[in-house]
Every structure is written in C-alpha cells, then in structure tokens.
Amino acid sequence: MAERTSPREAFAGHGPDTPSDQLHVLYFAGYVMWNYLTAPYLLTCPGVAVEELEPWQEGDESWRRLRATFSDGLATHAREQIFSYNTAGLLRRHDYAADVLGGAPAAHLCEKHATVSGLVFPTHRYVLPVQEDARVLPEPVLVAIDLTEISVA
C-alpha cells in the first residue's frame, strides 16, 4: 500500500508538464472535487476571509465577484481565489493559479447548473488559461468535468 504523509509538499517544483504518480493524482483529485462540490459553503469555513470586488462584465452579463483568501491549513488550489456569480446567484467562474501545478492563472467556468436535494451544482465545468487582463483564452481546455449523477445523502 502506498502512502504519502505530506502530499502537498510532494508537488514542490512541479509544473504543468511534470509527470505525476498515483498519489499526486489522488491528492489533487480529492481536494479539487471537495472544493468544487462544496463551494460556496467552503467560503464560510473558519480561516477563510472573503471580500467583494468590483463586478465583472462578461458579454451582456454583470457578475458579482468575491475574493477568498484561504488559510494555509485548508487544502485548495491557492491561498487567493476569485469566485464570480451571476444575478441568479449561480457560480459562473472561479479564478485561481493552482500552486501544485506551477501557479499558472486559469479560469474555471461553470455551466449547466442542476438542483439536487435543494443544493445547486454546476454539472459542466472546464478550465481555460487567462490573459494578464483576466480575459479568458478560448483554448486549450486544460480540464473538463461533466457530472452526470449527483446525489446528496
């Protein structure tokens, strides 16, 4: 049985092209899915500071933005992240620079929201690189996630 007592530290020096072993993948997939499925409730955890930023104009929509600063003890992409919500209160974009992948800035776009047991989840998510002005580049798609079955117990 494989074991890693300091999984985050095992990513030291990693970049987007660095090969990962099974424990890297398990740690990364575990914390990202926990983060993605618990947002926005994640923002209410002890050690998370949130402040509202100026709205972001995306096409004909204006999105409210929150800057979240996470404590060091919380497994997440980066200490500082930005969450953007549309006028219906749905998460549409999540910006971060994943420390464990070398810190390249990315925009995580969220679509096709579904309500399950009174909770709303974006079921189509994909990550694209961003320019210096925070505008999304159309490619390459860095990660794509489609959730087809969600249940809440």
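**Entry 1**

I began with L23, which is found in helix α1. I take helices (H or I, at least four residues) and strands (E, at least two) as DSSP runs, numbered from the N terminus. The model is predicted: local features need pLDDT of at least 70, side-chain atom pairs count only at pLDDT 80 or more, and totals for chains, interfaces and linings use all residues. Residues are numbered from 1 along each chain as its sequence is written, and side-chain values use heavy atoms, with hydrogens and water left out.

I looked up the exposure of L23 and found it partly exposed, at a relative accessible area of 22%. The classes are buried for under 20% relative accessible area, exposed for over 50% and partly exposed in between, with a 1.4 Å probe and protein chains only. Apart from neighbours within four places in sequence, L23 is in contact with A2, E3 and R4; contact means heavy atoms within 4.5 Å. I also checked L23 against G118: the two are 95 residues apart in sequence and 34 Å apart in space, C-alpha to C-alpha.

At the start of α1, I noted that a side-chain oxygen of D21 comes to within 3.0 Å of the backbone nitrogen of L23.

**Entry 2: Helix α1**

I recorded α1 as residues 22–38, 17 residues in number. From first C-alpha to last, α1 reaches 24 Å, close to the 24 Å expected at 1.5 Å a residue; the expected span is 1.5 Å times one less than the number of residues.

Which residues of α1 are buried? I found H24, Y27, Y31, V32, N35 and Y36. Seen down the axis of α1, the buried residues fall within an arc of 145 degrees, so they line one face of the helix. The arc is taken over the directions from the helix axis to the C-beta atoms. On the other side of α1, Q22 and L26 are exposed.

I then asked what the buried residues of α1 pack against. The partners are β4 (91–97), β5 (105–116), β6 (119–129) and β7 (143–146).

**Entry 3: The sheet**

I traced an open sheet of 7 strands in the order β1-β2-β3-β4-β5-β6-β7, with antiparallel pairing. Two strands pair if DSSP finds at least two bridges between them. β1 and β7 stand at the edges with a single partner strand each, so one side of each is left without a neighbour in the sheet. Neighbouring strands are turned by 25 degrees against each other on average, direction ignored. For such angles, axes are lines fitted to C-alpha atoms, for helices over the stretch in contact, and the angles run from 0 to 180 degrees between N-to-C directions.

I looked at two of the pairings. Strand β1 (residues 48–58) is joined to strand β2 (residues 61–70) by 9 bridges, and the two run antiparallel. In this pair, A49 stands opposite T69 in β2. The hairpin of β1 and β2 has 2 residues between the strands, and G59 there takes a positive phi near 60 degrees. Between β5 and β6, also antiparallel, I found 10 bridges. The bridge partner of E111 in β6 is H124.

**Entry 4: Q81**

I located Q81 in strand β3 (residues 80–85). Q81 is buried, with a relative accessible area of 1%. The side chain of Q81 makes a polar contact with the side chain of T76 at 2.8 Å. A polar contact is a pair of N or O atoms within 3.5 Å; within protein, one must be able to donate a hydrogen and the other to accept it, and residues adjacent in sequence count only if both atoms are side-chain atoms. Not counting residues up to four places away in sequence, Q81 touches L66, R67, A68, F70, T76, H94, D95 and Y96.

**Entry 5: Backbone exceptions**

Most residues other than glycine have a negative phi, and most peptide bonds are trans. Where did I find cis bonds? One joins A39 and P40, with omega about 10 degrees; P40 is in the loop between α1 and β1. Another runs from E139 to P140, with omega near -5 degrees, and P140 is in the loop between β6 and β7.

I also listed two positive phi values outside glycine. K112, in strand β5, has a phi of about 50 degrees and is exposed at 59% relative accessible area. S117, in the loop between β5 and β6, likewise has a phi of about 50 degrees and counts as exposed at 58% relative accessibility.
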